[in-house]
Amino acid sequence: MRRYGKHTDEDDIRQRPNRKGTRPRTTIRPKHEDAVEGMVLTVDRGRLTCLVEDRTVMAMKARELGRKAAVVGDRVSLVGDLSGEKDTLARIVRIGERESLLRRTADDDDPYERVVVANADQLAIVTALADPEPRPRLIDRCLVAAYDGGLEPFLVMTKSDLAPPEQLLELYGDLDIPYVVVNREELYDGGAADRVRTFLDGRVTAFVGHSGVGKTTLVNALVPEEKRRITGHVNAVTGRGRHTTTSALALPLEAAEGWVIDTPGVRSFGLHHVDPARVIHAFPDLEPGTENCPRACSHDEPECALDAWVAEGHADPARLFSLRRLLATRERHEGD
């Protein structure tokens, strides 16, 4: 049976309400001109602890950001309750352009890229000289990730009281990588922290290393307890609060002259995401020699122009060997 007459008006027809809301959909995003700048200190299950001026603020990502995630070190714009008081929550509405990006994959066959840290100036690769034994392949992989992401690497060799550093240094001498050597006693009396701190002043430094190498002990020495309180109830160094060991944490150095980003101990460092063509940028003495390389040259093949470049005396052969060792590390397991 017809419920309406032959000549109906649209206003006469009853419409069902939209259960998802009555607001029209739009692609226009709010500008949030009143947003305040901040820095992400740590991420824990969808909640981000951010530094806003001199206080920490708990925040969540705004829906309009879509699938784009903020990570430790990101410079972000926030709106909402920025008081930092308990049980308050702000929103991150913008993520600033990143100057550098440390990334890794679970292994070389894993296409899923994990962003570890954003906007770090340098990467401190912490390795023990003994107990546990050094893992040069893992160090190589960290170096490749640093070069690819725009970070300057340096080595921190711990436990020199158990083994000398010369053998490990010989592997990296031709790469001209800065380094510092410390022992267990110096980690507690402050001498190690003072030497490492000379690399950190005024810079943002991410620390990576295998479990057991003394990385967290070193971070404890670098960042006094009163500075760690800036992260509030989330603290990776002391283990208090809700923070888990799967998250990185940014900590301020004394006098706010720099930042240390402590990352969880790594078991592997996959390089599926790395474009080998970008690694050559870390070898400015070799880069001009690639002009005559074939297209998409891996720099480790018979047609590579670098062989002739080095043979003509333009660069040290040891530097070419080091480059190819780093490029090949993507094809070798880090436990080799």
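Student: With which residue does Asp74 form a salt bridge, and how far apart are the closest N and O atoms?

Tutor: Please note at the outset that this is a predicted model. To read a salt bridge, one looks for a side-chain nitrogen of Lys or Arg within 4 Å of a carboxyl oxygen of Asp or Glu. Here, Asp74 pairs with Arg98, and the closest N and O atoms are 2.7 Å apart. Asp74 belongs to the loop between strand 3 (55-61) and strand 4 (75-80), and Arg98 to the loop between strand 5 (90-95) and strand 6 (101-104), so the pair ties together parts that are 24 residues apart in sequence.

Student: Is Asp74 buried or exposed, and what does Arg98 count as?

Tutor: The general idea is to compare the relative accessible area with two cut-offs: under 20% is buried, over 50% is exposed, and values in between are partly exposed. Asp74 has a relative accessible area of 0%, so it is buried. Arg98, at 27%, is partly exposed.

Student: Which residue forms a salt bridge with Arg75?

Tutor: The partner of Arg75 is Glu99, with 3.3 Å between the closest N and O atoms. Arg75 lies in strand 4 and Glu99 in the loop between strand 5 and strand 6, so this pair also ties together parts that are 24 residues apart in sequence. Arg75 is partly exposed at 35% relative accessibility, whereas Glu99 is exposed at 63%.

Student: What parts does the salt bridge of Asp131 and Arg184 tie together?

Tutor: These two side chains meet at 3.1 Å, N to O. Asp131 is in the loop between strand 8 (122-128) and helix 1 (136-149), while Arg184 is in helix 3 (residues 184-189), so the linked parts are 53 residues apart in sequence. Arg184 is partly exposed, at 34%.

Student: How many salt bridges does the count come to, and which residues are linked in a network?

Tutor: The count comes to 17 salt bridges. Glu53, Asp54 and Arg55 are linked in a network of them.

Student: Which residues of helix 5 are buried?

Tutor: In helix 5 (residues 215-222), the buried residues are Lys215, Leu218, Val219 and Leu222. Seen down the helix axis, they fall within an arc of 100°, so they line one face of helix 5.

Definitions and conventions:
Residues numbered from 1 in each chain as written. Predicted model: local features only at pLDDT ≥ 70, side-chain atom pairs only at ≥ 80, totals over all residues. Heavy atoms only, no water. Helix = DSSP H or I, 4+ residues; strand = E, 2+ residues; numbered from the N terminus. Buried < 20%, exposed > 50% of the residue type's maximum accessible area, 1.4 Å probe, protein only. Arc of directions from axis to C-beta.
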